[in-house]
Amino acid sequence: MKSLLIKDTTRDERFEIVREALGNDCDCEGIDFSDMYDDYIDGKKELADIHREFSQKHAGTIVSGNDNRPSSGCAMR
């Protein structure tokens, strides 16, 4: 597997990495995942940093589907 680090990828490659990872399968409420990864695509933040910040901000507060129960995250593939 190729490295996903900013130093090892081009902007176009990072865009494709995000596009492929998100697909159309995520239905979490209140989160615009395409905007969430802009800093990675633009080479400003690593994926690990974005994920850590997201977890710290939203842990236990995301509602998945229509059941109105807090979940531990999104079923992203």
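The residues lining the largest pocket of this predicted model divide into three nonpolar, one polar and four charged, where Ala, Val, Leu, Ile, Met, Phe, Trp, Tyr, Cys and Pro count as nonpolar, Asp, Glu, Lys and Arg as charged, and the others, Gly among them, as polar. The lining consists of Met36, Asp39, Lys45, Ile50, Glu53, Phe54, Lys57 and His58, and helix α4, residues 47–58, gives the most to it, with five residues. A pocket here is an open set of points on a 1 Å grid over the protein atoms alone, where a 1.4 Å probe fits, with protein on both sides within 12 Å along at least five of seven lines, and a lining residue has an atom within 4 Å of a point. The space in this pocket is about 150 Å³, a volume being the space filled by probe spheres set on the points, which are joined across faces, edges and corners.

Residues are numbered from 1 along each chain as its sequence is written. In this predicted model local features need pLDDT of at least 70, side-chain atom pairs count only at pLDDT 80 or more, and totals for chains, interfaces and linings use all residues, while side-chain values use heavy atoms, with hydrogens and water left out.

The chain has four helices and two strands, arranged along the sequence as α-α-α-α-β-β; these elements are DSSP runs numbered from the N terminus, helices being H or I of at least four residues and strands E of at least two. The mean pLDDT, the predictor's confidence in each residue from 0 to 100, is 78 for the chain, and 66% of the residues reach 70 or more. Where pLDDT is low, the predicted coordinates should not be read in detail.

Of the 77 residues in the chain, 25% are buried, meaning under 20% relative accessible area, with exposed over 50% and partly exposed in between, for a 1.4 Å probe and protein chains only. Valine 18, in helix α1, counts as buried because its relative accessibility is 8%. Leaving aside residues up to four places away in sequence, valine 18 touches Tyr37, Tyr40 and Ile41, a contact meaning heavy atoms within 4.5 Å. Valine 18 and tyrosine 40 are 22 residues apart in sequence, and their C-alpha atoms are 8.8 Å apart.

Tyr40 is also among the residues touched by threonine 9, together with Lys2, Ser3, Leu4, Arg14 and Ile17, again not counting residues up to four places away in sequence. Threonine 9 is found in the segment before α1 (11–22), and counts as buried because its relative accessibility is 9%. Phenylalanine 15, which lies in helix α1, is partly exposed, since its relative accessible area is 41%.
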